[in-house]
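Q: I am new to this structure and would like to learn how to read it. Could you take me through some features one by one?

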Amino acid sequence: MRTYGNWIDNRWAAPSEGAFIDSIDPTTGEVWAQIAGSTAVDVDSAVRAARTAFTTGPWASMRAAERGKLLCRLGDRLAERADDLAALETRDNGKRTVDILPGLQTWLADSFWYYGGLADKVAGDVLPVDVPGIFNYTRREPFGVVGCITAWNSPLLIAIWKIAPALAAGNTVVVKPSEHASVSTLALAEVFADLLPPGVLNVVTGFGDRCGEPLVGHEDVRMVSFTGSVPGGRKVAEVASRTVTPTVMELGGKSPQIVFADVDLDDAAHGVAMGLFPPAGQSCVAGSRLIVHRSIQDELVERIATVAASARLGAPTDPATQIGPLANEPHFRRVLESIARAEREGARRVLGGSPVTPEGTCGWFVEPTIFVDVDSASDLFREEVFGPVLAVVPFDDEDEAIALANDTSYGLAAGIWTDDQLKAMRVADAIEAGTVYVNNYFTSATQSPVGGYKQSGYGRENGTAALDAFLQIKSVWLNTAPGIANPFPQE
Ligand code: NDP
């Protein structure tokens with residue numbers, strides 16, 4: 001079993017208090033690694049290393065084109081080492097290896113290639129200011145040290161979506177992953193060690209309050225990008241407000257999938273099931289509210305139930321497994337509690353709802369679960385379960401479907417299933433969410449921005465918007481006229 005320190009200045013550093021946290025494999029329930037339980041002292045070391053790298057040394061003096069080439073090499077390295085990293089992430093959070101590996105080899109490596117290409121294309125503007133004798137232009141500059149805090153469901157994806165644009169913009173980075181799944185992020189930093197100058201990418205691990213908060217509140221951290229729950233985001237925004245540190249918030253969701261009566265029922269059943277169950281509902285954009293036309297509700301629910309019930313639950317390393325475990329025991333218990341609460345609220349369970357223990361596992365698995373007769377005012381319809389639990393509510397017309405979809409404090413994503421493309425565009429316009437999928441779900445590409453409306457957050461990842469988020473704008477005023485008039489002319 002390996003014990004990991006913090007990754008600071010391209011070296012392993014023991015935690016200042018000598019405390020370690022067990023990292024538990026959700027497939028077996030066994031402790032498989034230990035990570036540093038860091039405090040403000042460790043965070044300060046990491047931030048100081050990042051600050052030094054930002055202000056002096058090779059990173060500080062590197063031309064943007066060179067930085068871009070370096071990022072491209074990081075992409076190559078990520079693709080080369082994807083096997084090892086995917087295996088570590090599967091141990092860490094139970095995500096199926098087949099779901100992690102192709103992403104690391106292709107579109108997550110793309111992040112480094114894409115932002116590498118953009119690194120030397122960050123341009124300011126010359127503004128047509130209407131001030132005689134004045135020339136005005138803007139520069140877009142990095143913040144300095146940025147703090148990145150990530151969730152446990154997809155630690156590498158979330159970290160890479162932050163690290164690649166942050167570095168392309170010229171910042172240096174300190175990442176704090178979730179203490180439930182930190183190893184893959186530590187390994188990523190180690191894999192990049194011979195490519196990045198010391199201090200450019202640092203990782204400190206530990207609990208949110210003892211390690212995350214000191215990072216957010218550190219006076220040399222000039223910007224924070226956070227991915228996690230709404231309560232976590234609120235806390236981080238509160239701490240950041242003390243130093244007036246700008247934040248990007250990528251938070252939770254309770255995303256609707258609207259199914260109109262004109263669909264092919266099998267396609268819609270496959271689509272709705274695909275939009276929730278494969279990651280056991282542990283995706284921020286998981287389509288966990290089915291809003292379905294009343295005329296097809298019973299038939300569609302039956303077909304979704306048939307598809308979901310056929311899924312093979314098992315060890316996430318087994319290529320035959322179709323749904324893996326929940327990522328950690330506290331979360332497994334929370335999902336079961338949400339199911340029990342849904343029943344107390346009067347929803348009718350038509351599929352699943354129980355824990356299962358596939359052979360060779362410790363049993364943090366929950367069957368794909370479907371509830372009908374769900375009250376749109378209930379917790380099940382309104383609160384994120386982050387598990388394989390579908391809440392079904394019928395609608396009678398398009399306006400009602402839109403109203404139900406928007407009747408939530410979240411606004412991360414939505415799915416629309418219809419054969420009528422004009423209706424799809426009309427409904428997509430009316431949905432209050434940062435991402436809308438029409439007849440597909442979970443699709444993502446480096447070029448296209450991702451982020452939330454309402455309490456699902458603000459700021460964007462991916463696309464040029466993510467690069468902008470890691471840059472600040474300076475406006476420079478040049479006087480082109482000769483002489484400076486005395487501000488206090490004497491008569
Ligand atoms: P949390 O909000 O509990 O934690 C997220 C991260 O914040 C963890 O690293 C956590 O550390 C840290 N943290 C917690 N409290 C603080 C604090 N006071 N100060 C600083 N850092 C803190 O979320 P989960 O890890 O449970 O992740 C699941 C959530 O993430 C879901 O709501 C999901 O929807 C959302 N998510 C959103 C995505 C998006 O792109 N919009 C993508 C993926 C997930 P620790 O674990 O030690 O508490």
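Q: Let's take Thr 321: is it buried or exposed?
A: This is a predicted model, and burial in it is judged by relative accessible area, where under 20% means buried. Thr 321 has a relative accessibility of 3%, so it counts as buried.

Q: Where is Thr 321 placed, and which residues is it in contact with?
A: Thr 321 is in the loop between α12 (297–309) and α13 (329–344). If we leave aside neighbours within four places in sequence, Thr 321 is in contact with Arg 96, Arg 312, Leu 313, Gly 314 and Ala 315.

Q: And Thr 357: is that one buried or exposed?
A: Thr 357 has a relative accessible area of 55%, and because the cut-off for exposed is over 50%, it is exposed. Thr 357 also lies in a loop, the one between β16 (355–356) and β17 (365–366). Not counting residues up to four places away in sequence, Thr 357 touches Cys 362 and Gly 363.

Q: How far apart are Thr 357 and Ile 402 in space?
A: From C-alpha to C-alpha they are 39 Å apart, with a separation of 45 residues in sequence.

Q: What should I know about phi angles when I look at a backbone?
A: Most residues other than glycine have a negative phi. With that in mind, look at Ala 280, which is not a glycine and yet has a positive phi of about 55°. Ala 280 is found in the loop between α11 (265–274) and β14 (289–293), and with a relative accessible area of 3% it is buried.

Q: What is the phi of Lys 454, and where is this residue placed?
A: Lys 454 has a positive phi of about 50°, although it is not a glycine. Its place is in the loop between β21 (435–438) and β22 (457–458). Lys 454 is partly exposed, with a relative accessible area of 36%.

Q: How do I read strands that lie side by side?
A: Strands of a sheet pair through backbone hydrogen bonds, either parallel or antiparallel.

Q: Which residues of β5 are the partners of Arg 2 and Phe 20?
A: The bridge partner of Arg 2 is Ala 33, while Phe 20 stands opposite Ala 36. Strand β5 is mostly covered, with five of its six residues buried. In the hairpin of β4 and β5, six residues come between the strands, and Gly 29 takes a positive phi near 80° there.

Q: Which strands stand at the edges of the open sheet of three strands?
A: The order of this sheet is β6-β7-β23, and the pairing is antiparallel. The edges are β6 (126–127) and β23 (471–479), each with a single partner strand, so one side of each has no neighbour in the sheet. Between β7 and β23 there are nine bridges, and Tyr 137 has Val 476 in β23 as its bridge partner.

Q: Which way do the residues of β9 point?
A: Thr 172, Val 174 and Lys 176 point one way and Val 173 and Val 175 the other, and all are buried. Strand β9 pairs with β8 (residues 145–149) in the parallel sense over five bridges, and Cys 148 stands opposite Val 175.

Q: Which residues of helix α3 are buried, and what do they pack against?
A: In α3, the buried residues are Arg 67, Gly 68, Leu 70, Leu 71, Leu 74, Gly 75, Arg 77 and Leu 78. They pack against several helices, including α2 (57–61), α4 (82–93) and α7 (155–168). Helix α3 (residues 64–80) has 17 residues and reaches 24 Å from first C-alpha to last, close to the 24 Å expected.

Q: How is empty space found?
A: Rolling a probe the size of a water molecule over the atoms shows where empty space is left. Here, the second largest pocket has a volume of about 350 Å³. Its lining has 16 residues, and among those nearest its centre are Arg 67 and Arg 140. The elements giving two or more residues to this lining are α2, α3 and β7 (134–142), and β7 gives the most, with four. By kind, the lining divides into 10 nonpolar, one polar and five charged residues.

Technical notes. Residues numbered from 1 in each chain as written. Predicted model: local features only at pLDDT ≥ 70, side-chain atom pairs only at ≥ 80, totals over all residues. Heavy atoms only, no water. Expected span 1.5 Å × (residues − 1). Buried < 20%, exposed > 50% of the residue type's maximum accessible area, 1.4 Å probe, protein only. Contact = heavy atoms within 4.5 Å. Pairing = 2+ DSSP bridges. 1 Å grid on protein atoms, 1.4 Å probe; cavity = no way out; pocket = protein on both sides within 12 Å on 5 of 7 lines; lining within 4 Å. Points joined across faces, edges and corners; volume = space filled by probe spheres on them. Nonpolar A, V, L, I, M, F, W, Y, C, P; charged D, E, K, R; others polar.
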